[in-house]
Amino acid sequence: MTAITNVRIFDGTGLSEPRTVFVDGGRLAAEASSGRTIDGTGKVLLPGLIDAHVHLRGRENLEQLTRYGVTTALDMATTSAELLAALRDQPGLTDIRSAGVPAIGPGGNHARMPGMPAEAVVTDPAQAKDFVAARKAAGSDYLKIVLEAPGGGGPELPVACALTGAAHEAGLLVIAHAANTGAYTMALDAGVDVVTHAPLGPPIAGEDVPRVKVVVPTLTMMKGISSGIGQPRLYEGAKTSVTLLHRAGVPILAGTDANAAPGSPSPVEHGASVHDELELLVAAGLSTVDALRAATELPAKHFGLTDRGAIRPGLRADLVLVDGDPVADIRATRAISRVWCEGVE
């Protein structure tokens, strides 16, 4: 049993008055009779951060994520089932969920990525049920579809619709990669649950804004791409899309596209990048409270992770103790003092 005393907690609306939080094994408890005490005076306790878009290559990624307070990571395509099995349920390290093998089309950047298996390519609606069944059998937690603009080499709309329908029948959420406005419209026409990325260049169409259910804009990745190709102004379109979506009340989740993959359009560091993402979300118009919710309770809610995302008795003891006040200044999330993953410090 551990008691963290005199600490203010982030409760989804702001910071509480100083109080005591009890950790009993892997869970948060209502009270404790004895055990270790940690003085939290002057510090803030956050729910463990959730990065809603990463790509994993090894245990070192979990270690990096954990070090920076990311206690849950949502993997958006790792093609090795063996690797994912080895990374799941690691005590004291970031807990993961994964899409496994994504559904892609015959062209586009993803079709040229090293290691992308042939089974990822889906070109006919008739393939959808078998593809989804294979993903579920392999342990995928949700389906990822990589969309491009019509004619751009990704799955076309009939395929996207069939994949989405088959996934929903199988009880899986559908996440669509959409990095341009044409792909956004296709994703929405297909009825996907979550769109990931905010397009570079022109913002998403005004009529599409209210149709977005949930978005993971990955501003860190989009800024990295625009800088990497020497056109930083393209990022302004992605930022504007986030501003428009936020004003329209669309739930925005913090995701970074953290990766170290050959062929990636921009490398993004695991763990540290989530703090960049929070700052970029605030710069795009989210309040600090909204940004913190984007990395805690909102991804837990929209991905069905009902045992985390907040600090309440009975939930997982996923916690980040920071110096300073991230509600006053979002940069304070970087001042990490301690991290617990399911009660393991």
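Tutor: Contact here means heavy atoms within 4.5 Å. The model is predicted, so local features need pLDDT of at least 70 and side-chain atom pairs pLDDT 80 or more, while totals for chains, interfaces and linings use all residues. Residues are numbered from 1 along each chain as its sequence is written, and side-chain values use heavy atoms, without hydrogens and water.

Thr72 lies in strand E7, residues 70–75 (strands are DSSP runs of at least two residues, helices, H or I, of at least four, numbered from the N terminus). With a relative accessible area of 0%, Thr72 is buried (under 20%; exposed is over 50%, partly exposed in between; 1.4 Å probe, protein chains only). Beyond neighbours within four places in sequence, Thr72 touches Leu49, Ile50 and Asp51, as well as Thr94, Asp95, Leu305, Arg308 and Asp318.

Glu82, in helix H2 (residues 81–87), is exposed because its relative accessibility is 62%. Its C-alpha atom is 19 Å from that of Ala103, 21 residues away along the chain.

Now the helix pair. The axes of H6 (residues 219–228) and H8 (residues 272–283) approach within 8 Å and cross at roughly 90°, so the two helices are roughly perpendicular (65 to 115 degrees; axes are lines fitted to C-alpha atoms over the stretch in contact, with angles from 0 to 180 degrees between N-to-C directions). H6 contributes Leu219, Thr220 and Lys223 to the contact, and H8 contributes Ser273, Asp276, Glu277, Leu280 and Leu281. By class, the residues of this contact are 3 nonpolar, 2 polar and 3 charged (Ala, Val, Leu, Ile, Met, Phe, Trp, Tyr, Cys and Pro are nonpolar; Asp, Glu, Lys and Arg charged; the others, Gly among them, polar).

Terms used:
Angles under 35 degrees count as roughly parallel, over 145 as roughly antiparallel, 65 to 115 as roughly perpendicular and the rest as oblique.
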